[in-house]
Amino acid sequence: MQTVSAVLDSISDIGRDPSRGGYSRGVYTGAERSLREWFDAEATARGLSVETDRNGILWAWWDATDSRDGALVTGSHLDSVPGGGAFDGPLGVASALVAVDLLRERGVEPRRSLAVAVFPEEEGSRFGLSCLGSRLLTGSVDPDTVRSLTDTDGTTFAEASRAAGIDPAHLGRDEDAVRHIGDFVELHVEQGRGLIDLDSAVAIGSTMLGHGRWRLSIAGQGNHAGTTLMADRADPMIAAAQVVLAARKIAAEQDGARATVGRLQPVPGGTNVIASRVDLWLDVRHEEDAVTASLIEKIHGQAQKICAFEGCRATLTEESRSGTVHFDGALQHTLASALGRSFPGTPTLPTGAGHDAGILGAIAPTAMLFVRNPTGISHSPEEFVERDDADAGAVALADVLEDLL
Ligand code: GLV
Ligand code: MN
Ligand code: MN
Ligand code: MN
């Protein structure tokens with residue numbers, strides 16, 4: 001049996017991004033496609049039978065009975081944010097493969113089929129819509145909208161899918177996959193300092209913070225940086241700067257709220273050019289969905305005031321929204337009792353991050369396991385997991401799967 005770190009070491013060169021640091025593994029880019037091939041090989045070597053479904057989700061099956069309906073599914077994603085860490089996504093996939101090894105070693109004979117799944121575009125880093133694979137599977141997003149999503153190079157999701165060997169005509173709710181998922185358990189690196197503070201290697205997920213993404217386009221007057229007097233400008237960058245500060249202020253005034261502008265695009269983007277438009281993306285999160293809605297309304301209202309003052313116009317477009325998810329209570333109990341043997345007193349922990357487990361909760365009981373991240377930093381090259389903790393995570397996952405199989 002390999003350690004989780006040994007499995008992850010085998011992909012440590014794929015998708016490195018020297019200019020940003022860390023990894024850039026956008027969905028269906030060369031790097032992510034290499035990771036998909038790697039997964040196919042690793043799963044096949046373990047005697048699992050690998051299939052790609054109509055939405056580009058990879059399934060590695062351990063068929064225990066004639067039917068795959070109501071199977072136990074585990075897994076995560078292999079795509080990353082730009083300049084992300086090595087663990088967000090791949091840890092859950094590598095741990096699932098190692099958990100299969102452990103179950104085989106233990107001589108477990110499953111009473112239902114088990115699948116390790118890999119979901120495409122969890123981060124929404126290339127096409128803007130997070131958890132795209134699971135949203136397509138559950139039918140919570142319109143396939144026509146998805147087909148026409150465009151990356152920064154102008155490639156559509158339909159074109160990128162086709163290049164990855166997935167026919168975009170068939171995207172959409174997948175009744176087979178819906179029937180197949182009896183329970184879903186996702187292991188994931190912890191993305192804050194929750195487990196450092198709790199002094200524990202693993203935790204059971206309790207809730208997933210509601211969140212949404214909005215694009216704010218601020219239109220102004222493109223012009224010459226040298227010939228345009230300061231008083232004569234309608235500069236959307238000046239408006240954007242104030243919107244960023246307003247978002248911080250509005251979120252800071254609301255207990256438990258987060259608002260982030262992590263991406264901003266001036267058009268056309270020249271040093272000696274006053275931009276004609278600035279697009280910025282807002283990520284807003286709160287445990288109460290109504291509060292998330294009121295936060296974005298406040299930010300939008302403030303943006304309109306700022307833009308009116310600066311001679312610009314603001315247009316807000318919602319790109320995605322996911323409500324707060326409470327993971328299945330009964331499944332959490334099952335996890336706690338399975339972990340009672342090797343990890344007594346495993347804590348429960350909410351997460352501020354989004355996950356496919358949140359989306360799949362609409363069609364099946366879902367649960368999450370978190371593994372300690374000693375830096376407390378994620379979506380950054382500094383995200384980390386100690387080797388011993390990674391192996392503890394795989395043992396915990398195997399314990400859980402064994403009880404659920
Ligand atoms: C995904 O990791 C997210 O929380 O945005
Ligand atoms: Mn992430
Ligand atoms: Mn993730
Ligand atoms: Mn079937």
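Mentor: A nonpolar core is a set of buried Ala, Val, Leu, Ile, Met, Phe, Trp, Tyr and Cys residues joined through C-beta atoms within 7 Å. Buried means that 20 or more other C-beta atoms lie within 10 Å of the residue's own; with 12 or fewer the residue is exposed, and in between it is partly exposed, the C-beta atoms being placed from the backbone. The model is predicted, so local features need pLDDT of at least 70 and side-chain atom pairs count only at pLDDT 80 or more, while totals for chains, interfaces and linings use all residues. Residues are numbered from 1 along each chain as its sequence is written, and chains are lettered from A and ligands numbered from 1 in the order in which they are written.

The largest nonpolar core contains 92 residues, and Leu369, Leu397 and Val400 have the most contacts inside it. The element that gives the most to this core is helix α13 (residues 387–404), with ten residues. Helices (H or I, at least four residues) and strands (E, at least two) are DSSP runs, numbered from the N terminus.

Val400 deserves attention. Leaving aside residues up to four places away in sequence, Val400 touches Val185, Leu335, Ala338, Leu339 and Leu369; contact requires C-beta atoms, placed from the backbone, within 7 Å.

Let us turn to a helix pair. Two packed helices are described by the angle between their axes and the distance between the axes. The axes of α11 (residues 329–339) and α13 come within 9 Å, crossing at roughly 115°. Such axes are lines fitted to C-alpha atoms, for helices over the stretch in contact, with angles from 0 to 180 degrees between N-to-C directions. On the α11 side the contact is made by Thr334, Leu335, Ala338 and Leu339, and on the α13 side by Ala396, Asp399, Val400, Asp403 and Leu404. By class, this contact has six nonpolar, one polar and two charged residues. Here Ala, Val, Leu, Ile, Met, Phe, Trp, Tyr, Cys and Pro count as nonpolar, Asp, Glu, Lys and Arg as charged, and the others, Gly among them, as polar.

Finally, the loop between β15 (366–371) and α13 holds His379. His379 has a positive phi, near 55°, although it is not glycine. Most residues other than glycine have a negative phi. His379 is partly exposed, with 19 other C-beta atoms within 10 Å.

Note on methods. Contact = placed C-beta atoms within 7 Å.
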